Amino acid sequence: MINADRLWKNLLDIGEIGKNPDGGITRLAFTKEDRQAIKMVEALMKEAGLAVHEDEVGNLIGRKEGEDSNAPAVLIGSHLDSVFNGGIFDGSLGVLAGIEVLQSMKENGISTKHPIEVYVFRDEEGCRFNFSLLGSRGMSGTLKLENLEYRDNEGISLAEAMKSCGMNPKEFFKASRRPDEIKAYLELHVEQGKVLECENLQVGVVTGIASSLRLMVTVTGKADHAGATPMNLRFDALAAAAQIIGVVEKETRATKSAVGTVGQIHAYPGGINIIPGRVEFTVDLRDVSIKVAQQLEKSILSQAEDICTQRGLKLEVDFLQRVPPAPCSPEIIDTIAESCRELGIKELHLPSGAGHDAMQVVNLCPIGMIFVRSQNGISHHPAEWSTPEDCTAGAKVLYQTVLKLAE
Ligand code: GLV
Ligand code: MN
Ligand code: MN
């Protein structure tokens, strides 16, 4: 059905690109490493007999024609970019398994009524520009020109990074697809959590993906002398930020289901003997229920406002992104579950706390996701791991499901 050894070899090979001394990978979007990984995958797509092109936001697309080339295509997708020092499975597994499905179909002379396309979405992680799902936003028509003004830590804008890869960012809208061109979207991904491991199962069927809210919070006080300023006369931005971060944790915990993270913080001017006059920090909030997510956001922001008012500080909140939860299609969930049964693989239905390109593609067509067990539930970390057997099981379920959807 699929060549397990080939899939595993490709995974390890691509895991060498952007590898750090501790075994993690840093393959940020629109960098040399990102381009190298895309080049390698382009060659694999061509070997699998796909017609390959790159769209206006940098997505790499490989298409296998169907017997009816006017029929809407079945899409398989994921990403090749990584977070800072991430693992080798996040994204790459889905891309390589998608190509493996088509390579195997070619070798076995299998054709389908519907065309099949493999999408390598550009900049899924949004780690470099704090703005995720770029490629899938472009493809699903939700990207806006102003989004391309986001800047990385070196001050390079997304538009500039795209230009450095030979793209014309003003043409981003040409990457969008029409709903009538696409029948369904499928993505295979590592779970990145512990649910499957706890249940001793290889494969999960995703029921839906949690919302994603990303904020940049700026607290402005007054920089002053750390020795000469009494405690009651300070306007310490970092002390206020610490209090707000405590609120993020406390309020998120209280919901039982949501997750909240402060992953970046910068204090200015950053001297050991200077009271911080300004602090910027990010907040990442997620929940599968939009109601819970909205209530949580409201409660955190109103308490943050109170903290700053009481301390005589200024609070500014920039909404970097807001993506609603994405439910998976009940029909595709059933089709994936049926594929599992046919393969003798016991599956579990579970939601995804992590974000995926499917959250944008859902604006165009029904989506479905297959999860593969993650060892110790670790991800966005060099220790991210899934066994060859589990990756193979997931790829087989993908194969079977693609055939059902595209026949
Ligand atoms: C990407 O993996 C995310 O969920 O942030
Ligand atoms: Mn991913
Ligand atoms: Mn990720």
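Start by selecting Arg122 and Asp34: their side chains meet in a salt bridge, 2.8 Å from N to O. The term here means a side-chain nitrogen of Lys or Arg within 4 Å of a carboxyl oxygen of Asp or Glu. This pair ties together distant parts of the chain, 88 residues apart: Arg122 is in the loop between strand 4 (116-121) and helix 4 (134-140), while Asp34 belongs to helix 2 (residues 32-47). Helices (H or I, at least four residues) and strands (E, at least two) are DSSP runs, numbered from the N terminus. Counted by the same rule, the salt bridges come to 29.

A word on what you're looking at: it's a predicted model, where local features need pLDDT of at least 70, side-chain atom pairs count only at pLDDT 80 or more, and totals for chains, interfaces and linings use all residues. Residues are numbered from 1 along each chain as its sequence is written, chains are lettered from A and ligands numbered from 1 in the order written, and side-chain values use heavy atoms, with hydrogens and water left out.

Next, pick ligand 1. Which residues are around it? Show Glu124, Glu125, Arg214, Arg286, Ala354, Gly355 and His380 (a heavy atom within 4 Å). Now look for polar contacts, pairs of N or O atoms within 3.5 Å. Ligand oxygens lie 2.6 Å from a side-chain N or O atom of Arg286, 2.7 Å from a polar backbone atom of Gly355 and 3.2 Å from a side-chain N or O atom of His380.

Most residues other than glycine have a negative phi, and most peptide bonds are trans. Go to Tyr268 and Pro269: the peptide bond between them is cis, with omega near 5 degrees. Pro269 lies in the loop between strand 10 (265-268) and strand 11 (274-275). Then jump to Asn85, not a glycine, yet with a positive phi of about 50 degrees; you'll find Asn85 in the loop between strand 3 (73-79) and helix 3 (92-107).

Key: Polar contact = N/O pair within 3.5 Å; in protein donor to acceptor, adjacent residues only side chain to side chain.
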